[in-house]
Amino acid sequence: MCRRAAVFGAGSWGTAFALVLADAGCEVTLWGRRAALVHAINATHSNPDYLPDVTLPAKVRATTDPAEAAREADIAVLAVSAQHVRRLLEEWAGQWRSGTVFVSLMKGVELDSGKLMSEVVAETTGAPPSRIAVVSGPNLAAEIVARKPAASVVACADAATAELVQTACHTRYFRPYTNTDVIGCELGRAVKNVIALPVGITDGMGLGDNAKASLVTRGPAETTRLGVAMGAEPLTLAGLAGMGDLVATCASTLSRNHSFGHRIGSGMTVAQSREASTQTAEGVASCLAVRGLAERYGVEMPITRTVVGIIHRGQNPEVAVRALMSRAPKPEAAPRSRPARVQEDR
């Protein structure tokens, strides 16, 4: 049973998950980098920078000291940027209590190494896979802090650890399921951010719901190809951590990746969209890492390749969409071999 939890990252998702943990009965220490924000959280029981209209439970307190947050924590929840977590965990080495369970909320792939977040956590903390879990699903922070119904997946190689985390965050409005397919859950949540970018772009360009539906459908097809090549279960990517997370991200104006793409489709440059962003759109960096994984495993991912062209190579969105649509036609799915017909005994 979780008595104390530490959440590292006082952005919208970290704060929302701290609220969930507190509602489920945990004492929660929320680590934030900026002293002014931490002081405001403790003084007002709200996060004025990210969730100003939400009153946090009394069981949530904040600190700028990572050692204080980690002290006696049964669960350490990581909600920092995917591209910064390695450096932070290296700085915090030696501060974890024995047996701490690490829970990753991070939705990205490390750019330099192409490693999933669970792999980065393992390398920097020395924790075995049995003590590293990931949480993924259609979890828009603004809806969760309003205590609107949501479901998610807690994945860990060790089923007992997944159940521990499940119990720690199960509330009347937040329903977590368990899974042992960590790779599938991590890929689903990382690639959905990449797919949300062109969905936002097509919305911004006014290309219609048919275009959006095509991307939302074909995006999981290439995610599943990569996932299977890496050892994931296809059913995971068809569930909450895959299709569920993708639908929420692509359909909602609350999604930072969709919003980033929408600004580009509406006429902004990539630089202007970055400047207008108040929070990190993980798909902007992760699209490069995902493309690298596709090349490593020999998997075709044309939507991801198109996103990289627009975001990092300055390709005109209209030209990129036209090129994506004009690729050579092919079957929707690879044909399955039919089993040999068994002759009846006569």
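Where is the place of E72?

A: A quick word on the ground rules. This is a predicted model, with local features needing pLDDT of at least 70 and side-chain atom pairs counting only at pLDDT 80 or more, while totals for chains, interfaces and linings use all residues. Residues are numbered from 1 along each chain as its sequence is written, and side-chain values use heavy atoms, with hydrogens and water left out.

E72 sits in the loop between α3 (66–70) and β4 (75–78). Helices here are DSSP runs of H or I with at least four residues, strands are runs of E with at least two, and numbering starts from the N terminus. With a relative accessible area of 48%, E72 is partly exposed; that term covers the range between buried (under 20%) and exposed (over 50%), using a 1.4 Å probe and protein chains only. The backbone is worth a glance too: phi of E72 is positive, about 65°, although E72 is not a glycine. Most residues other than glycine have a negative phi.

H45 is another residue to check for this. Its phi is near 55°, a positive value in a residue other than glycine. H45 belongs to the loop between α2 (35–44) and β3 (60–63), and at 34% relative accessible area it is partly exposed.

Stay in that loop between α2 and β3 and you'll find N47. With a relative accessible area of 0%, N47 is buried. Setting aside residues up to four places away in sequence, N47 touches A10, G11, T15, L37, I41, P52 and L56, where contact means heavy atoms within 4.5 Å. G11 is 36 residues from N47 in sequence, and their C-alpha atoms are 8.4 Å apart. A polar atom of the N47 side chain also lies 3.2 Å from the backbone nitrogen of Y50. That falls under polar contacts: pairs of N or O atoms within 3.5 Å, where within protein one must be able to donate a hydrogen and the other to accept it, and residues adjacent in sequence count only if both atoms are side-chain atoms.

T171, in the loop between α7 (159–168) and β8 (174–179), is buried at 11% relative accessibility. A polar atom of the T171 side chain lies 3.0 Å from the backbone nitrogen of F174, and away from its sequence neighbours within four places, T171 is in contact with V20, D23 and A24. S266 is in the loop between α12 (256–265) and α13 (270–276), and at 49% relative accessible area it is partly exposed. Its side chain has a polar atom 2.8 Å from the backbone oxygen of H262.

Next, a pair of helices. The axes of α9 (residues 209–230) and α15 (residues 302–312) come within 8 Å and cross at roughly 105°; axes are lines fitted to C-alpha atoms, for helices over the stretch in contact, with angles from 0 to 180 degrees between N-to-C directions. That makes α9 roughly perpendicular to α15, a label for 65 to 115 degrees, with under 35 roughly parallel, over 145 roughly antiparallel and the rest oblique. L215, R218, G219, E222 and R225 of α9 meet P302, I303 and T304 of α15. T223 also lies in α9; it is buried at 8% relative accessible area and touches L187, G188, V191, L237 and M301, residues up to four places away not counted.

How far to trust all this? Mean pLDDT of the protein chain is 92, and 95% of its residues reach 70 or more; pLDDT is the predictor's confidence in each residue, from 0 to 100. Over residues 337–346, though, pLDDT stays under 50, and the model has zero contacts there beyond four places in sequence. Where pLDDT is low, the predicted coordinates should not be read in detail.
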